[in-house]
Amino acid sequence: MSKIKLRAWHKKYKRFVYGSDCVLILRKNGTLDIHETECWDQDFNNVNRRVILTLCSGLKDCNRKHIYESDIIQRTPSKWKGLVIFENGAFKVKWPGYVSYLCDVHQNCKVIGNIFENPELLEGVNGEPAG
């Protein structure tokens, strides 16, 4: 059985909580509630509007660090920066001017940040300002 790894970005507290630090509850209506006792209250009603879930690709970078959706990676030796996305059932990287599959490039890349904590790293990537 595969283990799904998630992390949750809390918009208010501006920090990640990883699956081992929180409880994920799938409701009968299909909604997913996230609870982490350290900084979140016991109210499940609005938590889904306060967090953004990102999925682990299951792949690791050249430093053996897990790569998650929303991570910013840098290709070596070219120093190109790209954004990891999950699209149409696959993890991909948006590079300047093109998109590639993460599985084809992950061993030659390193995670240098993510769009939540380091949006400035994407300045000029894909012709768009960070933010």
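Two residues are in contact when heavy atoms of theirs lie within 4.5 Å. In the protein, 44% of the contacts between residues at least 6 apart in sequence join residues at least 24 apart. The model shown in these views is predicted.

**Figure 1. Overview of the protein.** The secondary structure consists of two helices and 11 strands. Read from the N terminus, the elements follow the order β-β-β-β-α-β-β-β-β-β-β-α-β. Of the 131 residues in the protein, 37% are buried. The accessible surface amounts to about 8100 Å², and carbon and sulfur atoms account for 50% of that surface.

**Figure 2. The stacked pair of Trp9 and Phe116.** The protein has six aromatic pairs. One of them joins Trp9 and Phe116, whose rings are stacked, at 5.3 Å centre to centre and with 15 degrees between the planes. Trp9 belongs to strand 1 (residues 6-10) and Phe116 to the segment after strand 11, so the pair ties together parts that are 107 residues apart in sequence. Is Trp9 buried or exposed? Trp9 is buried, because its relative accessible area is 6% and the cut-off for buried is under 20%. Phe116 has a relative accessibility of 21% and therefore counts as partly exposed.

**Figure 3. Surroundings of Phe116 and Phe16.** Trp9, Phe16 and Phe116 make up one aromatic cluster. The C-alpha atoms of Phe116 and Phe16 are 9.2 Å apart in space, while the two residues are 100 residues apart in sequence. Which residues does Phe116 contact, leaving aside its neighbours within four places in sequence? They are Trp9, Phe16, Ile52, Thr54 and Ser70. Over the ring of Phe16 sits the charged end of Arg7, at 4.1 Å from the ring centre.

**Figure 4. The tilted pair of Trp80 and Tyr98.** The ring centres of Trp80 and Tyr98 are 5.8 Å apart and the planes stand at 55 degrees, so this pair is tilted. Trp80 is in the loop between strand 7 (71-75) and strand 8 (81-87), and Tyr98 is in strand 10 (residues 98-101); the pair links distant parts of the chain, 18 residues apart. Trp80 is partly exposed, with 39% relative accessible area. Tyr98, at 32% relative accessibility, also counts as partly exposed.

**Figure 5. Strand 9 and its two partners.** Why is strand 9 (residues 90-95) described as largely enclosed by the rest of the structure? Five of its six residues are buried, so the rest of the structure largely encloses it. Strand 9 pairs with strand 8 in the antiparallel sense, over five bridges. Within this pairing, Val93 in strand 9 has Val84 opposite. Strand 9 is also joined to strand 10 by four bridges, again in an antiparallel arrangement. Here Lys94 has Val99 in strand 10 as its bridge partner. Arg75 lies over the face of Trp95, 5.9 Å from the ring centre.

**Figure 6. The turns on either side of strand 9.** How many residues lie between the strands in the hairpin of strand 8 and strand 9? There are two, and Asn88 in this hairpin takes a positive phi near 50 degrees. The hairpin of strand 9 and strand 10 has two residues between its strands, and in that hairpin Gly97 takes a positive phi near 90 degrees.

**Figure 7. Cys62 and Cys109.** A disulfide is a covalent bond between the sulfur atoms of two cysteines. The whole structure contains zero disulfides. For Cys62, which is in no disulfide, the nearest cysteine sulfur is that of Cys109, 7.6 Å away. Cys62 is partly exposed, at 38% relative accessibility. Cys109 is buried, with a relative accessible area of 0%.

**Figure 8. His106 in its loop.** Where does His106 lie? His106 is in the loop between helix 2 (102-105) and strand 11 (109-114). With a relative accessible area of 13%, His106 is buried. Its contacts, apart from neighbours within four places in sequence, are Leu59, Lys60, Asp61, Cys62 and Ile67.

Notes
Residues are numbered from 1 along each chain as its sequence is written. This is a predicted model: local features need pLDDT of at least 70, side-chain atom pairs count only at pLDDT 80 or more; totals for chains, interfaces and linings use all residues. Side-chain values use heavy atoms; hydrogens and water are left out. Buried means under 20% relative accessible area, exposed over 50%, partly exposed in between (1.4 Å probe, protein chains only). Rings of Phe, Tyr and Trp (its six-membered ring) pair if their centres lie within 6.5 Å; planes under 30 degrees apart count as stacked, over 60 as edge-to-face and the rest as tilted. A charge sits over a ring if NZ of Lys or CZ of Arg is within 6 Å of the ring centre and within 35 degrees of the ring normal. A disulfide is a pair of cysteine sulfur atoms within 2.5 Å. Accessible areas come from the Shrake-Rupley method with a 1.4 Å probe; for residues, only the protein chains shown count as cover. Two strands pair if DSSP finds at least two bridges between them.
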